[in-house]
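Okay, thanks everyone, let's get going.

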Amino acid sequence: NVTNGYPSIQQNAPFFLSYHCLSHYLIAVISQLLIIPCFVAYNYLFPIIFIPLFLYLMQKVASIGKSFFSRTSELSFIDYIVLIGACCGFVTKQQQLNLGCNIYVNIYNSESCLLAIIILLLYFCLINKGYRKIRSFDNINLFVLIPIFILVLSYTKISFGVIFALGTRY
């Protein structure tokens, strides 16, 4: 059965929906802005823009978290070791399989995962700045930012959008 130009095995199946297409769309838009082919943009944007942005935002969110729990926001050597471990993964894929959980997601082989994490880190930086400067930021966060970020994260990586939506419930 063919529905709306996409193959389907169901009778009267719903239309095709790309569930994590925002990362590909973002790369296509940037390649059009830079007037370069998409495969060239794909190969250059990650090591030059997205991975350094990810590392910067990880360091920024870690310093925000440290200033929340202690008096200083300056990161120590141990903090950087923890950040490196968080970027590389504390548990290997084989250890996860031995434990019976197969949730191995690597930011270096999944561009949608990397962009979803960058969006999450941007959200944490944004709410930190908003709570410091705007009194009624709770309403802005609840009624404006959270729905926008749930939608953006769901189109970047569906699992991140669902986890973020469930996390904001509490």
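So, look at Tyr-42, Phe-46 and Phe-50: together they make up one aromatic cluster. Before I go further, the housekeeping. This is a predicted model, so local features need pLDDT of at least 70 and side-chain atom pairs count only at pLDDT 80 or more, while totals for chains, interfaces and linings use all residues. Residues are numbered from 1 along each chain as its sequence is written, and side-chain values use heavy atoms, with hydrogens and water left out.

Back to the rings. Rings of Phe, Tyr and Trp (for Trp, its six-membered ring) pair if their centres lie within 6.5 Å; planes under 30 degrees apart are stacked, over 60 edge-to-face, and the rest tilted. With that, the structure has five aromatic pairs. Take Phe-46 and Phe-50: their ring centres sit 5.1 Å apart with the planes at 50 degrees, so that pair is tilted. These two are four residues apart in helix H2 (residues 38-69), which means about one helical turn separates them. And both Phe-46 and Phe-50 are buried, where buried is under 20% relative accessible area, exposed is over 50%, and partly exposed is in between (1.4 Å probe, protein chains only).

Now, which kind of pair do Phe-68 and Phe-69 make? That one is edge-to-face, because the planes are at 85 degrees, with the centres 5.0 Å apart. Phe-68 and Phe-69 are both exposed.

Zooming out for a second. The protein chain has seven helices and two strands, and along the sequence the pattern reads β-β-α-α-α-α-α-α-α. Helices here are DSSP runs (H or I, at least four residues), strands likewise (E, at least two), numbered from the N terminus. Of the 170 residues in the protein chain, 29% are buried.

Members need over 30% relative accessible area and no salt bridge; like charges are joined within 9 Å, and nonpolar side chains (Val, Leu, Ile, Met, Phe, Trp, Tyr) within 5 Å. Areas are Shrake-Rupley with a 1.4 Å probe, and for residues only the protein chains shown count as cover. Lys and Arg are positive, Asp and Glu negative, with His and the chain ends not counted; the charge is placed at NZ of Lys, CZ of Arg, CG of Asp or CD of Glu.

The positive patch gathers Lys-60, Lys-129, Arg-132 and Lys-133. Helix H5 (residues 111-133) gives the largest share, three residues. Lys-133, which is in helix H5, is exposed at 67% relative accessible area.

The nonpolar patch has Ile-134, Ile-140, Leu-142, Phe-143, Val-144 and Ile-148, with about 530 Å² of accessible area together. Phe-143 is in helix H6 (residues 137-156) and is exposed, at 60%.

Conventions:
A salt bridge is a side-chain nitrogen of Lys or Arg within 4 Å of a carboxyl oxygen of Asp or Glu.
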